[in-house]
Amino acid sequence: MSKTVRLDKFLADAGKGTRSEVKKYIQKGLAEINGQTVKKPEQKVGPEDRVLFKGEEIAREPEHVYYLLHKPAGYVSATEDKRDRTVMELIPSARKGLFPAGRLDKDTEGLLLITDDGALAHELLSPARHVEKTYFVRTEGQVTEEDKEKLEKGIDIGEKRQTLPAKVKLLEKEDISEEGVMRHVRPETLPEVYTELLLTISEGKFHQVKRMMEAVGKPVIYLKRISMGPLTLPEDLKKGECRLLTEEEIRKLKDAGRTSDEKSEKC
């Protein structure tokens with residue numbers, strides 16, 4: 001941080017709540033600057049100041065922040081929208097410049113990265129990077145071995161080129177937990193015949209998973225992203241909740257954004 005900022009902004013940027021929430025905390029005397037309790041949200045924080053919040057020292061504002069969000073259905077992956085609620089409403093930070101890296105459809109749930117690191121987002125979403133994304137998919141009808149083979153070889157979804165080969169794992173009906181990644185409670189009403197599977201793709205075409213399953217005649221009735229590159233949706237992160245990435249997760253994420261040549265040069 002190169003200049004002074006308001007205390008409420010400083011704490012909001014550190015992920016301690018929304019701007020309005022941290023103002024209330026400050027007014028209750030839960031913040032200190034250089035050992036002195038401060039109750040004015042507008043109090044300035046300088047580069048050399050030591051800030052404590054609820055007894056915890058707050059580190060300086062990082063260059064970029066990274067949130068892992070468990071997106072619920074009903075929210076659009078956008079910074080603003082005139083008709084629908086956006087995923088940004090679920091992020092407890094007033095920091096400017098945050099945006100969803102990639103998108104999930106309004107009715108799709110699961111892992112979504114929220115950041116202000118445009119360069120990393122570009123690398124992760126670039127077609128040349130082939131960053132893998134895995135989805136839990138529930139479809140109408142029985143996905144056959146022939147369907148599985150088509151998806152794994154690449155399939156025509158109405159574009160100039162067919163999709164890149166996918167990875168498909170058909171799940172048993174008894175399985176409500178796969179490798180500790182997710183637990184899905186099935187709704188009371190389901191089609192008489194349905195299939196659950198894990199589908200891993202390394203592209204990001206518009207509505208790609210839904211279009212792939214439509215191409216084999218098995219429309220999607222539920223979709224949830226459970227991983228993106230090295231990030232996996234935590235079982236204990238409830239829908240609508242988010243958390244900051246750890247330093248190790250950030251390092252792995254940045255590594256995933258590099259090409260094979262760039263990784264070799266680094267080594």
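One term before anything else: two residues are in contact when they have heavy atoms within 4.5 Å of each other. What you're looking at is a predicted model, where local features need pLDDT of at least 70 and side-chain atom pairs count only at pLDDT 80 or more, while totals for chains, interfaces and linings use all residues. Residues are numbered from 1 along each chain as its sequence is written, and side-chain values use heavy atoms, with hydrogens and water left out.

Let's start with K148, which sits in helix α4 (residues 145–153). Helices here are DSSP runs (H or I, at least four residues), strands are runs of E (at least two), and both are numbered from the N terminus. Neighbours within four places in sequence aside, K148 is in contact with V143, V168 and L170. L170 is 22 residues away along the chain, and its C-alpha atom is 8.3 Å from that of K148. The side chain of K148 also makes a polar contact of 2.8 Å with the side chain of E152. (A polar contact is a pair of N or O atoms within 3.5 Å; within protein, one must be able to donate a hydrogen and the other to accept it, and residues adjacent in sequence count only if both atoms are side-chain atoms.)

Is K148 buried or exposed? K148 counts as buried because its relative accessibility is 18%, and buried means under 20%, exposed over 50% and partly exposed in between (1.4 Å probe, protein chains only).

S93 counts as buried too, at 14% relative accessibility. Look for S93 in the loop between β9 (85–86) and β10 (99–101). A polar atom of the S93 side chain lies 3.1 Å from the backbone nitrogen of R95. Beyond four places in sequence, the contacts of S93 are A12, D13, G17, Y67 and L98.

Most residues other than glycine have a negative phi. N34, though not a glycine, has a positive phi of about 55°, and H130 is another non-glycine residue with a positive phi, near 55°. N34 is in the loop between β2 (31–33) and β3 (36–38), while H130 lies in the loop between α3 and β12. N34 is partly exposed, at 44% relative accessible area, and H130 is partly exposed at 43%.

**The pockets**

On a 1 Å grid over the protein atoms alone, a pocket is an open set of points where a 1.4 Å probe fits, with protein on both sides within 12 Å along at least five of seven lines; lining residues have an atom within 4 Å of a point. Grid points are joined across faces, edges and corners, and the volume is the space filled by probe spheres set on the points.

| Pocket | Volume |
|---|---|
| Largest pocket | about 490 Å³ |
| Second largest pocket | about 420 Å³ |

The largest pocket is lined by 28 residues, with R103, Y135, E203, G204 and K205 closest to its centre. For the second largest pocket there are 18 lining residues, and P62, H64, V65, L244 and E247 lie nearest its centre.

**The whole protein**

Stepping back, the protein has seven helices and 17 strands. Of its 267 residues, 43% count as buried.
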